Amino acid sequence: MLHGLLDKVPAHESVHGFRRGRSTLSFAAPHVGKAVVIRFDLTDFFASVHAGRIDAIWRALGYPGEVARCLTGLCTNRVPSARLLAPDLRERFDWQERRRYRDRHLPQGAPSSPALANLCAYRLDLRLAGLARSLGARYTRYADDLAFSGDGDLARMAERLAIRVAAIAIEEGFTVNLRKTRVMRAGARQHLAGVVVNRHPNLMRPEFDRLKAVLTNCVRHGPRSQNREGLEDFRAHLAGRVAHAERLNAARGGKLRAIFDAIEWEGDEAVE
């Protein structure tokens, strides 16, 4: 369903999560060097997309009713009430959250869920992008992270923006977790999805320091000593993290690359 059907249907231009050629960098880059960056978080992004909305998507794409129902059944799931009321989960969910998971919804982790969620959020993205344009601001979304940025005028209307974004989200079937809203001005660290955007895209300092420490210890004590999670291909894991750092900031990433290249790999780890 993902590669044969859903990959052929484009999401809104503001969407950067789960799209070929897009990434956390493309999500954050439009907000570099802005006077204020405002981040919102959607609650239970996948669970908020219930089966009725998925069925409507398949029908809108031209599939007959029986086919749409079959496809909807294949890509949705529900959690039994007994499981949600079990002692280990009872306190983790309120009544509204339990209702979301009890009804058929997009399961997090399924290959088709991100693409379907993006399609179901098309009107949300359309309206929020229009709201941003009316304010002279920029808008992007990465999964459940919504980002707005602009000049000093946007900072002064941050509270009103939060109310408007929350209202639009509710009208489109989503919920903004206002407790996670962050208003980040230029004088403080501005970051989106782990990418610092104050002057240019950059890796967050704590993440850079942790990765540097792991790489340095790999050189000193061997890579096996640092593979605490028992990853099957630890070399590829570290190479990917270094490549991400290089993409954000070539100079700082180059320092990590030099340490990575100094690691001595043994046995199968040494095979490219």
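Biologist: What separates Asp-209 and Arg-205 by about one helical turn?

Modeller: They are four residues apart in helix α11 (residues 205-221); a helix here is a DSSP run of H or I, at least four residues, numbered from the N terminus. This is a predicted model, where local features need pLDDT of at least 70, side-chain atom pairs count only at pLDDT 80 or more, and totals for chains, interfaces and linings use all residues. Residues are numbered from 1 along each chain as its sequence is written, and side-chain values use heavy atoms, leaving out hydrogens and water.

Biologist: Why is the contact of Asp-209 and Arg-205 called a salt bridge?

Modeller: The term asks for a side-chain nitrogen of Lys or Arg within 4 Å of a carboxyl oxygen of Asp or Glu.

Biologist: What makes Asp-209 partly exposed?

Modeller: Buried means under 20% relative accessible area, exposed over 50%, and partly exposed in between (1.4 Å probe, protein chains only). Asp-209 has 34%, so it counts as partly exposed. Arg-205, at 48%, is also partly exposed.

Biologist: How do you know that Arg-156 is exposed?

Modeller: Its relative accessible area is 64%, so Arg-156 passes the exposed cut-off. Its salt-bridge partner is Asp-153, at 2.1 Å, N to O. Asp-153 is partly exposed, with 41%.

Biologist: Where do Arg-210 and Glu-207 lie?

Modeller: Both are in helix α11, three residues apart.

Biologist: How many salt bridges does the structure hold?

Modeller: It holds 14.

Methods:
Helices (H or I, at least four residues) and strands (E, at least two) are DSSP runs, numbered from the N terminus.
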